[in-house]
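Here's a quick briefing for anyone opening this entry for the first time. Have a look at the sequence and the model, then read on.

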Amino acid sequence: MKGLIFLLLFALNVSFKYGQQDTLPEVEVKANKINSPSLTYKVVTFKIDDNNSLSELIQNNSAIYLKSYGLGNLATVSIRGANASQTQLLWNGFTINSPTLGQNDLSIASTSLIDHASLNLGASSVVNSSGGLGGSIQLENKTDFKKRVKLIASQEIGSFGINNSIVKLKLGNKKWQSFTGFAKKKAENDFEYNDFLSKEPRIIKQANAVYQQLELAQNFYYKPSQNHQIGLKTNYTTTERQLPSIMGIMSNGEQQFDDAIKSSLEWNLNKRNYFHQMSVGYFYDFLNYIDTIAAIDSKVRINSFKGYYKGKYYFNDSTQLRLSLNTDRIFASSSNFNEVKYQVRDAVFVEYYQLLKNSLSYTLSFRKELITDLKTPLVPAIALKWNKWEKHQLFSSVARNFRAPTLNDLYWNPGGNTDLNPENGIMGELGYQYQVNKMAIGITAYYSFINNWIQWLPSGKGYWSPVNLKEVESYGVEFSAEKKVKLKEVTLSLIGSYNLVIAQNRASILEDDASITKQLIYVPRNTASIQANIIYRSISLGYRQSYNGSVFIDAANQTYMPYYAPANFRFDWRINKNENKNKYSLGVTVENLYNEEYQIVANRPMPGRYFRLILKVEFNK
Amino acid sequence: MKNGIYILALILFLFSCKKKEVGPQRLDGKAYYKEPGSKIVIGCEGNFGFGNASISLYNTETKTISNNVFNTQNNLPLGDVLQSSTLFNGYLYVVVNNSNKIEVIDTTNFISMGTITGLTSPRYFLGLSPTKGYVTDLYANAITIVNPSTFQITGSITVAAWTEELLFHNNKVYVTQKGTNQILVIDPMTDLITDSITVGREPNSLVIDAFQNLWVLCSGGINEAQPELVKINTSSNTVTSILSFNSIADSPNSLRIDTSRKTLFYLNNNLFKHSISANQIELTPYISSGNSIYYGLGISPFNNEIYLADAIDYIQPGKVYRYNASANIIETLSVGLIPQDFTFLEN
C-alpha cells in the first residue's frame, strides 16, 4: 500500500511534464532575507492562514508528521526523525523553545497575528540557532511602508463549540506603520468517539477538553530615512486548557494555563555594502499545570532577556560575509528546581558566501555557543548550490550541530543530571529542484547521525534521571511536486509531497536493548499529502488528502499505531469588486471528510467529520 | 493531464477505503497457552498515560511465555499503570493505578470477572474474606474497603497519607504508610486503626519471618534519610532492631522472603540477600544487574527461584531473568512493557 502510493505520486509527477505554459506565482524557494538561511539553503515558506494554529499550518502545508494528542491538546512535530525538542521555534529572530521543556506546544503557538512563517530543514537551521537537529521554524512580523487604513475582521464558528474571532488593524504611511491584532479562540472539543476500551462498546463525548486562548499584538514600525528602519513588536498570549484524559480513564480534571509575553525592539540599517540589524527582546513564559486529585500544582516561570546583532557585508557582487552575535539570559523558576536557575547562552556565528563561475555558490560557516555549565562543540557547516541552468538547481549541505540539555534535564529536583552531554549531530543533504513557470519538483535525500541522545530512565535512587542513552541514525527522502493549470477562467493547482524517514537506534548504554536497528517510536516511515485547488472567478475549492503511515509505539517495534489518512475539503467565496476596496469572504471547511476513526497518539481519540465556517471582512480606506 | 486526473482519482479512492484498525495494535498477538504446569503471572506496568499495561504468563514446565494475556483473552486493553497483582480465592486482583481500577481475573482462563472502579489512585489489594478486602492508595488519604465478590466499594478507612504494601498477620492488617513513615495496625473486624509504629523514612514493603517478626524496608526517601531495614515484634508492635544502609542515595525496595522465612531479598539497583540473623546491611550484591537496574523482584514460594525484572529503556518490552536459589541463571524471558510484579500460581 505504502509503496503503491509512492509510485502513484511519481506517476503523477511524470504526468505533469506535458503541456502547460503559464506562470507559477507561488515559489517555494525564497532566500536572502536576513533572518533566513543564506542563498545556498532551501527554505520552505508557509502561506499564513489566520485561523490556524502553527500545528494546523504545518499539517496543511507539508508532509511533516505532527504528533497531536487531540484537538487543542499538545502537538509537536518530528522532522527527519528528530524529536520535538530537536526542532527550534523562532519568533522574530529569537528562539522561543521552552528552556525547561526544550520544546513548544504547537497547538497553542498561534499564527493569527504573524506575517510570515518558514521552515528550515536539517543543516540550514544552524544559521539561526543550535539545537535544530531536525530543523527550525521561523515566525516573523514584517511590513512594507504603503499608505493604508485597513481593518480585517473574521469570525469562525464550527463543530464542538469552535468560536474564533480575529480583528486586525493596520495603519500606516511612508514613515510609520502600526499593526494592532486581537484574537480570541475557544472550543469545547466535546466531540463524540467510540470508546472501544470499555467492555460494552459505547459512544461517549470527550470530557474536560475546553480550550480558550486570547492573543493581543501591537507592532510599530518607523522608517526615519530610506536606510533605517525601527520596529517594536509585542505579543501577549494567554491560554487556558482542560486536559482530557486518555480513553477509558476517568478524568482527574487536569488543567493547564500558559501565559507568554514576547517583545522585541529592532533596528535595521541597510546600505549598499552592508546591512546591520540589532534587536533586543524580553520574553516571559508561565506554565501552570493543575491536577487537584493528585495534588499537583506545578508552576514554571521564565523571564528571558535576549539580544542579537546580525550583519551582512557585501565585498562585491559575488562575495559576502555574515556575522551574528546572540545573547540569551534566562531566569527560570519552577516548582521542581531548588532555586531560580540562571542560564546564559551566548553565540557567535560567522558565514562566508561566494558565488563562483558556472553559478556554483557555497557558504562556509562556524557557530560557537557558550552555555552555562555545559561544554558545547563548534558547529561548522558547508553548503553548496549549483544553478547553472535556470530550471535546474542542485544543492547540498553538511553540518555539525548539537542540542543542549534543557534546564529540566540539568536541574530537575530530584533527578537533574548536570553531567549530561549535549546531543551531538552530524547531518547532510543532497537536493534537486526543477522549476519552471507553472510547475516545480523537488527531491532531497538526507542523512543524520545523532549521538548522546537524551532519555529519562529510573536511576535506582527512587526517581528518574536523564542519561545520554542512544545513537540515532536517520535518513530518507523528501519529495514534492507542484503544478498549475489554467483553462480559460479555471485555475487548477496540484501539490503533492512525500517524506520517507528511516530513523533507527544504533547503540545503547543498556544491556539487552532490543531497540537497536529499530525505528524510533512515533516516527512514521511514510507520510504523504496531496492537495488540489480549483479557482473559478470568486470561488475556490480545495481538497487535501493526507497519509500518515503507521508508527511504532514501543522501542522494540512490537506494537504500533495504524496509518491514518484524513482528508479535508474547503470552499471559499470571495467578493472583492475592485482592488484596495472592501473585501468579503465566506469559507466552509469540512475536516476529516470521510469521517475516519483514528488516533495519532495511543488511546487519544481524534474527532470524526466536523465543520468550520469562516466569515471574513476587510475594509480599506 | 487527463492521466493525472485519473491517477488522482485513484489515489483519492484508495485513501477513502475504510480500514479496520483503530488505536494501538500488536504485531505478536500470541495465543494463550493452556498447558498445565505452575504459572507465574508477570505484571507489566506499561507507560503512564499510554494504556499499555499487560500481563505475561510464564509456564515453568514448558518454559513458554505468553505475553499480553489479558488483552488476548478479553479483547480489551488493561489500561495503565499496572501496580500490583494479588492472588485471592482463586482470582487475581490486578491493581491498575492510573486507570483507577482493579481487574478481577479468573486464573484458569484469564477472563475478567469484574472490575472494581471508582478508586482514586489504587496501589495494593489485600483480600481478607469473601466480602472484605483493603486497597491502599496514593492520593485518597484512605484505605478503600471493597467487596471482592461483588466488586463494590463498601467503605473506607481514613488515613493520613500515601499507603503502600500491606499484609495480614495474627488477625491484624499491617499497612506501610509511606507519607508518615509509619506502619498502621488495623483490626479488620472493626476497620479501626488500633496502633501505629514509627519506622524509617518512606516504608514501602514488608514481610513476616519464621519467628513472627515483621520486617519493613524503608527507602529513605529521595536523599532525605538513611534507608533502613526495620524489625518489629508483632506481639508488642514495637521496633526491635534497625539496620541502616550505607548511603543516603540508596533507595531499597521490594522486600521479599524465601520459603524458610529466614532469608530476606530486596532490590537496591542490584539484588541483595539478607539473613534475618545478620546484624548489618550486606554490601555485596547477590546478583548484580550490570548496567541496568532491576525494577521488580519475585521469589518463588515453591522452590525459592528468583525472578528479576529489567525494563531496559522503559519504552520497549522488558526482560525477566529466572535464577535458581543459588543464583545460577536458568532462563531469560521476553515479556511486556516495564515488567515489575510477580505472582506465583499453584497448579
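In strand 1 of chain B, which residue is the bridge partner of Tyr560(A)? That partner is Gln25(B). Before going further, note that this is a predicted model, where local features need pLDDT of at least 70, side-chain atom pairs count only at pLDDT 80 or more, and totals for chains, interfaces and linings use all residues. Residues are numbered from 1 along each chain as its sequence is written, chains are lettered from A and ligands numbered from 1 in the order in which they are written, and side-chain values use heavy atoms, with hydrogens and water left out.

- Strand 30 of chain A (residues 559–561) is joined to strand 1 of chain B by two bridges, and the two run antiparallel.
- Thr559(A) takes part as well, with Arg26(B) as its bridge partner in strand 1 of chain B.
- Put together, three strands make an open antiparallel sheet, ordered 29(A)-30(A)-1(B).
- Strand 29 (551–552) of chain A and strand 1 of chain B are at the edges with a single partner strand each, so one side of each has no neighbour in the sheet.
- Two strands count as paired if DSSP finds at least two bridges between them.
- Helices (H or I, at least four residues) and strands (E, at least two) are DSSP runs, numbered from the N terminus.

**Where the chains meet**

- Chain B puts 55 residues into the contact and chain A puts in 68, with contact meaning heavy atoms within 4.5 Å.
- Between them the chains bury about 5,400 Å², 65% of it on carbon and sulfur atoms; buried area is the accessible area (1.4 Å probe) that two parts lose on being put together, summed over both.
- On the side of chain B that touches chain A, the elements giving two or more residues are helix 1 (2–16), strand 1 (25–26), strand 8 (112–116) and strand 26 (317–323).
- Helix 1 of chain B gives the largest share of that side, nine residues.

**Chain A overall**

- Chain A has three helices and 33 strands.
- Its C-alpha trace spans about 65 × 55 × 50 Å along the principal axes.
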